[in-house]
Amino acid sequence: MLSNKLAQALNNQINVEAASSQVYLAMASWAEVQGLEGVASFMYEQSDEERQHMLKLVKFVNERGGHALVPQLDAPKADFGTFRDMFQELYDHELKVSASINELVHIALEERDYATHNFLQWYVAEQIEEEAQARTILDKINLIGNDKGGLYLFDRDIQQLTVNSAASDNPQ
Ligand code: FEO
């Protein structure tokens, strides 16, 4: 059985993951309108992944005797400036998600809830991967600079990344 404090913290994380899914969906839509097909598919995929992260938490909270609450969300912004700005934002966003997961792990230990601590290790590993992926993408963007041909190749490359990550990602 979850303590009230931990149930509340897990519900907060449900909110964080749901909000992430919304933000990445807005990024996908913006990229699609800009004609960046590869970037758009990547962001649609990220949005789906965040929804899976949220669902996994919802099911866990209910399984452990809590009540997972579906949060109300603010609309994300519609315009992300340049695709470089957008990926910087994605990276910064993931750093915040990692901080939030770390806080959750800390509370699980404080509450001596080792089952939840164990459950959260999946998220700890996932955050390492997501941060590394966002950093790799930013490095690539910095290499391209303002080169149009480079952007074309980048858009194609990132589509490949989406296919690979969809094949290897299994949050269940
Ligand atoms: Fe679910 Fe990208 O953190």
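**Helices, salt bridges and packing in a predicted model**

The model is predicted, so local features need pLDDT of at least 70 and side-chain atom pairs count only at pLDDT 80 or more, while totals for chains, interfaces and linings use all residues. Residues are numbered from 1 along each chain as its sequence is written, and side-chain values use heavy atoms, with hydrogens and water left out.

Helices were taken as DSSP runs of H or I with at least four residues, and strands as runs of E with at least two, numbered from the N terminus. The expected span of a helix is 1.5 Å times one less than its number of residues. Helix α3 covers residues 83–110. With 28 residues at 1.5 Å each, α3 should span 40 Å. Its end C-alpha atoms lie 41 Å apart, which agrees. Helix α1 has 30 residues and reaches 44 Å from its first C-alpha to its last. That is close to the 44 Å expected at 1.5 Å a residue. Gly35 follows α1 and has a positive phi, near 85°.

The structure holds four salt bridges (a side-chain nitrogen of Lys or Arg within 4 Å of a carboxyl oxygen of Asp or Glu). One of them joins the side chains of Glu110 and Lys5, at 3.1 Å from N to O. Glu110 lies in helix α3 and Lys5 in helix α1 (residues 4–33), so the pair ties together parts that are 105 residues apart in sequence. Accessibility was classed as buried under 20% relative accessible area, exposed over 50% and partly exposed in between, with a 1.4 Å probe and protein chains only. Glu110 is partly exposed, with a relative accessible area of 44%. Lys5 is also partly exposed, at 42%.

A salt bridge also joins Lys77 to Glu89, at 2.8 Å from N to O. Lys77 sits in the loop between α2 (37–63) and α3, and Glu89 in helix α3, so the pair ties together parts twelve residues apart in sequence. Lys77 is partly exposed at 42% relative accessible area. Glu89 is partly exposed at 29%.

Asp157 forms a salt bridge with Lys140, and the closest N and O atoms are 3.1 Å apart. This pair links distant parts of the chain: Asp157 is in helix α5 (residues 148–168) and Lys140 in helix α4 (residues 114–144), 17 residues apart. Relative accessible area is 35% for Asp157, which is partly exposed. Lys140 is partly exposed at 37%.

Aromatic contacts form the next group. A pair of aromatic rings is described by the distance of the centres and the angle of the planes. Rings of Phe, Tyr and Trp (its six-membered ring) pair if their centres lie within 6.5 Å; planes under 30 degrees apart count as stacked, over 60 as edge-to-face and the rest as tilted. The structure holds seven aromatic pairs. The ring centres of Phe60 and Phe119 are 3.8 Å apart and their planes meet at 5°, so the pair is stacked. Phe60 in helix α2 and Phe119 in helix α4 are 59 residues apart, and the pair links distant parts of the chain. Phe60 is buried at 9% relative accessibility. Phe119 is buried at 15%.

Phe119 also pairs with Tyr123, in a tilted arrangement with 5.6 Å centre to centre and 55° between the planes. Both residues lie in helix α4, four residues apart, about one turn of the helix. Tyr123 is buried, with a relative accessible area of 1%. Phe42, Phe83, Phe87 and Phe154 form one aromatic cluster.

Nonpolar packing was examined last. A nonpolar core is a set of buried Ala, Val, Leu, Ile, Met, Phe, Trp, Tyr and Cys residues joined through side-chain atoms within 4.5 Å. The largest such core has 26 residues. Those with the most contacts inside it are Val39, Met43, Phe83, Met86, Phe87 and Phe154. Helices α1, α2, α3, α4 and α5 each give two or more residues to this core. α1 gives the most, with seven residues. Another core lies apart from it, with 21 residues, among them Ala9, Ile14, Met54 and Ile107.
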